[in-house]
Amino acid sequence: MQSEDLLKPPNRRLRAYAFDPSLSLKMDIAEINNIVYKVLWEDLSVGPIGEYIELIDYDPTTKQFYKPVNLNDPYVLAQDGYDPSESNPMFHQQMVYAVIMTTIKNFERALGRKIIWAPRRLIDTTKYEEYVQRLRVYPHAFRDSNAYYSPVKKALLFGYFSSTPANEALLMPDSLVFTCLSHDIIAHEVTHAILDGIHSFYNEPTNPDVLAFHEAFADIVALFQHFTFPDVLKNQIAKTRGDLASQNLLGQLAQEFGTAIGNYGSLRDAIGGIDPETHRWKMKEPLRMNIRL
């Protein structure tokens, strides 16, 4: 007779976006934007609340708690989670959980050890710090075009806002944009939390390069995770005919967010960007420095 542990599946399959909701509206990208994340199986409480994180979905703007998702519901399990939806808070919770756990898994595979969150520093002189078992995650924490990791609260806070695109053809004006539905923003912010656990002094701006390292490393993690999605990778290699130095999704960060705040492209781009005059994508030119010995 098999033990209960042997009967547990290795992964939990959860549907979510490979990038963000806006790309599902584009005919040539929609098919690869809706993917199924394979998250390592763990015992979850409603929230979800697991070994590493706990989601608390309170929206202070509307002053209400959204119903927490139960990823153990048999009907939810049978269909790989909820359908991708911008209007369903339970899908928002599902996507945040899927991306965070995927990022944690990739870090643990690289480090060869478990991820540990940074301890909470205390004012109490008898006890210097407190162990933090779970990182708190707030998918609808505030109404603003921002998302961030709070080293004090040991929490990820995601905002949402009304879009103000530079061109109405790029994105519907005043449509709600949720940062908790962007793979890149979620991966970026949880990387800040993971780095804080590895070396908390990287949060102290002793010089400009310290915080710049935090931002650059978080961007790189989000970008490199694009390469872990097989269908996305095959699609972009085929579309660029193998020339990944040309414009492609793999090197772009937070497309919907960038467009929603008035850019003509993604928030950041590793290899190029939209020229403000021609509104065409242009490859970045390397900086040339004349060094005299």
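Predicted model: local features only at pLDDT ≥ 70, side-chain atom pairs only at ≥ 80, totals over all residues.
**Entry 1: the largest pocket**

I began with the largest pocket and noted a volume of about 670 Å³. Its lining comprises 32 residues, and I listed those closest to the centre as Leu 23, Lys 26, Gln 252, Gln 255 and Thr 259. I then looked up the elements that give two or more residues to this lining: helices H7 (230-239) and H8 (255-260), together with strands S13 (268-269) and S14 (272-274). Sorted by class, the lining of the largest pocket holds 14 polar, twelve nonpolar and six charged residues.

**Entry 2: the second largest pocket**

For the second largest pocket I recorded a volume of about 360 Å³. I found 21 lining residues here, with Ala 147, His 188, Glu 189, His 192 and Glu 215 the closest to the centre. Strand S9 (147-150), helix H5 (183-198) and helix H6 (208-226) each give two or more residues to the lining. I noted H5 as the element that gives the most, with five residues.

**Entry 3: strand S9 and its partner**

S9 runs antiparallel to strand S10 (residues 155-162), and four bridges join the two. Which residue in S10 is the bridge partner of Ala 147? I found Phe 158. The two strands, S9 and S10, form a hairpin with four residues between them. In the turn, I noted a positive phi of about 55° at Lys 154.

Definitions and conventions:
Residues numbered from 1 in each chain as written. Heavy atoms only, no water. 1 Å grid on protein atoms, 1.4 Å probe; cavity = no way out; pocket = protein on both sides within 12 Å on 5 of 7 lines; lining within 4 Å. Points joined across faces, edges and corners; volume = space filled by probe spheres on them. Nonpolar A, V, L, I, M, F, W, Y, C, P; charged D, E, K, R; others polar. Pairing = 2+ DSSP bridges.
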